[in-house]
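Please look over the sequence and the model first.

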Amino acid sequence: MALAYDPLFIASDKSFSAFDVASPPHPMILTQDELKRIAAYKAVEFVESGMVLGLGTGSTAKHAVDRIGELLRQGKLENIVGIPTSKKTQEQALSLGIPLSDLDAHPVIDLSIDGADEVDPYLNLVKGRGGSLLREKMIEGASKKFVVIVDESKMVKHIGGSKLALPVEIVPFCWKFTAEKLRSLLEGYGCEANLRVGEKGKPFVTDNGNYIVDMHLEEDMGDLGAVSDAILRLPGVVEHGMFLDMASTVIIAGELGVKIKHKQHNTSSS
């Protein structure tokens, strides 16, 4: 779907009221992917020479990685080290000439940029519908700053609100047993638990050799921290796709341009 975008409109505050302003008189008509690219380029403005960067996975993050590679070629960025969140992103970064390393060599990352599948009003996220949630959480959890790029369709009132998948990565051993434990745990929220299927009807396998169970929820889970802890206590579970209290900034591409929302702290923040 084509959307209107005013290239001069970049709003930044703690609410989403900027989407209510009048449409610009002569908007350009851009596709959803073009809006994602604009948001990704905005995120790359946070990047500085000498940084260690977490490189995200997915259609939106791909634009950010492309932009970082472009700026390196132009000499506008120097001495960048990338930590990829998936094999696919690793291949992309290498093709662009971005120097790569890992968490063993760089346990503290300056900045990560990645997309998300859902964002709630408190900047809690659902990630992992592309299958890279474990590496994403490890790398983005080690980051001083985590900038998330989404289009406005990913904004939800509560986690699970899109009724799309909340992924849980599990070990392949007796996966039906683990999937049933997950379904039973979240049964009170109208949960369905389905093994993710890949090519030729075989189970989807993550970069870590694990399976993914996609949880579909009908109700608000309420205390996300308690649900997170309960899921992680189940034997057979490796990690889930709720990224709680991790994002520092969310950049949202919408019909009227790009909106930036910063994480609110107890003390005043910019």
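Predicted model: local features only at pLDDT ≥ 70, side-chain atom pairs only at ≥ 80, totals over all residues.

Residues are numbered from 1 along each chain as its sequence is written, and side-chain values use heavy atoms, with hydrogens and water left out.

**Whole chain**
- The protein chain has six helices and 16 strands (DSSP runs, H or I of at least four residues for helices and E of at least two for strands, numbered from the N terminus).
- Of its 270 residues, 48% count as buried (under 20% relative accessible area, 1.4 Å probe, protein chains only).

**Helices α1 and α2**
- The axes of helix α1 (residues 32–44) and α2 come within 8 Å and cross at roughly 50° (axes are lines fitted to C-alpha atoms over the stretch in contact, and angles run from 0 to 180 degrees between N-to-C directions).
- That angle makes α1 oblique to α2 (angles under 35 degrees count as roughly parallel, over 145 as roughly antiparallel, 65 to 115 as roughly perpendicular and the rest as oblique).
- Residues of α1 that meet α2 include D33, R37 and Y41, and those on the α2 side include H63, R67 and L71 (contact means heavy atoms within 4.5 Å).

**Helices α2 and α3**
- Helix α2 (residues 59–73) packs against helix α3 (residues 87–95) at about 25°, with the axes 9 Å apart.
- The two helices α2 and α3 are therefore roughly parallel to each other.
- K62, V65 and D66 of α2 make the contact with T89, Q92 and A93 of α3.

Note on methods: Buried < 20%, exposed > 50% of the residue type's maximum accessible area, 1.4 Å probe, protein only.
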